[in-house]
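Student: Please take one part of this model and go through its geometry closely. I would like the cut-offs along with the values.

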Amino acid sequence: MSTASGTSGPPKAPVKPKHSSQLKEFLALGKKIFQDKEVTDYDQLLDSKKELEQRLLLKDQEFNKKVEEIDLLRSSTAEKISKLESENKTLFEGFEKRVIAWDAGKSKGAKLEAEVVTLRQRLEEANETAESSKDDIESLQGELFKYQNDLVEKENDLIETKKELSSRSRELKGTVKDLEYAQAELDAQKTALGIEDLSDEYLATKFRALAAECHMIAKSFFRTQLPQELLQNDLWKELESSGFTRAAPKKTPLSNTIPAQCLRMATAERIIADKLCSHIFRKYYLPESTPARAVVNDVLTRLDKSNPRKEAIFRLQLLAAYEPDEHSHLSSLVKSTIEEVVGVLDPLLSATGSREGFQSALRKLIDNAVTLWRSIQRSVTKGSVSNDPDHGSFGAVQNQDWDMNDEYDSAVDLAADQMMHVPDQSEPVISLFPQLSMGRKVICRGFALWSDQNTMVAASIEFGQLNFRNSAQGRGAQGRRDSDRRRLSLNGSSSLGRGRDPSTSPRSPSGNPSFLEHTNTRTKNRKMPLSAAPSGELGGNVGGG
């Protein structure tokens, strides 16, 4: 490559003498001439040859000098060329570095120009934002000034409010003192009137405890084996004479089977519950005479309709007026209640000491009932009981507020053929313990024996079998009982059975729910343990006046 283009090539060969080729031709021609035989003048030729040889020698000497000069020039030229090529390479490398640096500078310059453009755009945007922020700052300063003025006003209002609050606080303290005084006065008046504050939970717990106690007494003394000689000595006539059969379910077999024992236990529960409702669970105990009670009941009913608070005050004044005579009256009332219950159940108390043990347990139950009920009599809200699972005092259906005692299911296991006799519609047969209400709110659900419970179904089947066997011997007295005996109250005030007895209708095998489904539905709707204390919003019968 030439220096002009910045490239280098291979070194050139030394320059040869300009006439070397002609000289060689000349020498060759001379030799040829001297070899020619036709030459005549040999001496002349010889002289010419010598002359020529001398000239040739001179020429050779000149040629050698030229060759030496040429070699010297070639060596000098090669050194110059090498030096030039080295310089050229150095210059080319420097140029190449400069070109690379120039390219990098150019690229960096373009990048810097782009950054400058971007920075200019950002600067413009920042200027615009600054202008906008300036406007916003001015607006915010205006709002801040406004808020500062509002703050001053609010602080002034707060000062005024604090002053008013301080004044109100002093007034409130005075009002609290007045309220405390009024509460003390109210408590004193309640104490003077004899008012007792009873919570629903407390009443439900206590009343359910009475129901459990009643059940345990009936179970201890009447779910028992009767002596065989007693069953053979016309026990049924004694039970009819005492009134037991009127309280018992219609299909009660007279035997020592578990179903028969359970029905005797259930009947004893009902008899005790009926006597508690008629003698103990009353709105008041005195006066005792019928005309006086009629007048008092009329006054209480009228006041309760117009102003229940006045009814409570009148009732409390009435209780306070007769309080001195109430203790002795209650003693005789408890004694007469025990005598009536024992009089009905006496034919079944044949075991040694059973009568005395039953009277002692019954007295304890009635004493507990009296203690609880005297508190209920003195509550602001009127307490009442309902012993009719079918209908309440307001004519509403009450079945949903009556539970079942699961012992009347667990005591007996039904066989597959007996399940066919479970009635389609479950209905209460007799009550076991009354339902408690305060005002129109049910505090404690009542307990009843239901027609689809295992004990009732098994007893009905046994009764039918015994009745069939005895009919040929003229002993069908059990099947001739009047349907009026199925009334829930011993005084015959409300009839449970209206139409056919549900316990007499065997289950039809076609298309009806299974026994398990029926039992599950019934249990879900009514089954409650005696320890629970549910409440509702339905009314109950007013306690006996």
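Tutor: The crossing of helices α3 and α7 is right-handed; a crossing is right-handed if the near helix is turned clockwise from the far one by less than a right angle, and left-handed if anticlockwise. The model is predicted, with local features needing pLDDT of at least 70 and side-chain atom pairs counting only at pLDDT 80 or more, while totals for chains, interfaces and linings use all residues. Residues are numbered from 1 along each chain as its sequence is written, and side-chain values use heavy atoms, leaving out hydrogens and water.

Helix α3 covers residues 200–222 and α7 covers residues 258–280; they pack at an angle of about 135°, with their axes 9 Å apart. That angle makes α3 oblique to α7: under 35 degrees counts as roughly parallel, over 145 as roughly antiparallel, 65 to 115 as roughly perpendicular and the rest as oblique. Axes are lines fitted to C-alpha atoms, for helices over the stretch in contact, and angles run from 0 to 180 degrees between N-to-C directions. Helices (H or I, at least four residues) and strands (E, at least two) are DSSP runs, numbered from the N terminus.

On the α3 side, the contact (heavy atoms within 4.5 Å) is made by Cys-214, His-215, Ala-218, Lys-219 and Phe-222. From α7 come Gln-261, Arg-264, Met-265, Ala-268, Glu-269 and Ile-272. By class, this contact has six nonpolar, two polar and three charged residues, where Ala, Val, Leu, Ile, Met, Phe, Trp, Tyr, Cys and Pro count as nonpolar, Asp, Glu, Lys and Arg as charged, and the others, Gly among them, as polar.

Rings of Phe, Tyr and Trp (its six-membered ring) pair if their centres lie within 6.5 Å; planes under 30 degrees apart count as stacked, over 60 as edge-to-face and the rest as tilted. By this rule there are five aromatic pairs. One of them, Phe-221 with Phe-358, is edge-to-face, at 5.6 Å centre to centre and 70° between the planes. Phe-221 lies in α3 and Phe-358 in α11, so the pair ties together parts 137 residues apart in sequence.

Helix α11 (residues 354–377) in turn lies across β1 and β4, at about 125° to β1. These strands belong to an open, antiparallel sheet of three, in the order β1-β4-β5; two strands pair if DSSP finds at least two bridges between them. β1 (383–386) and β5 (441–444) each have a single partner strand, so one side of each is left without a neighbour in the sheet.
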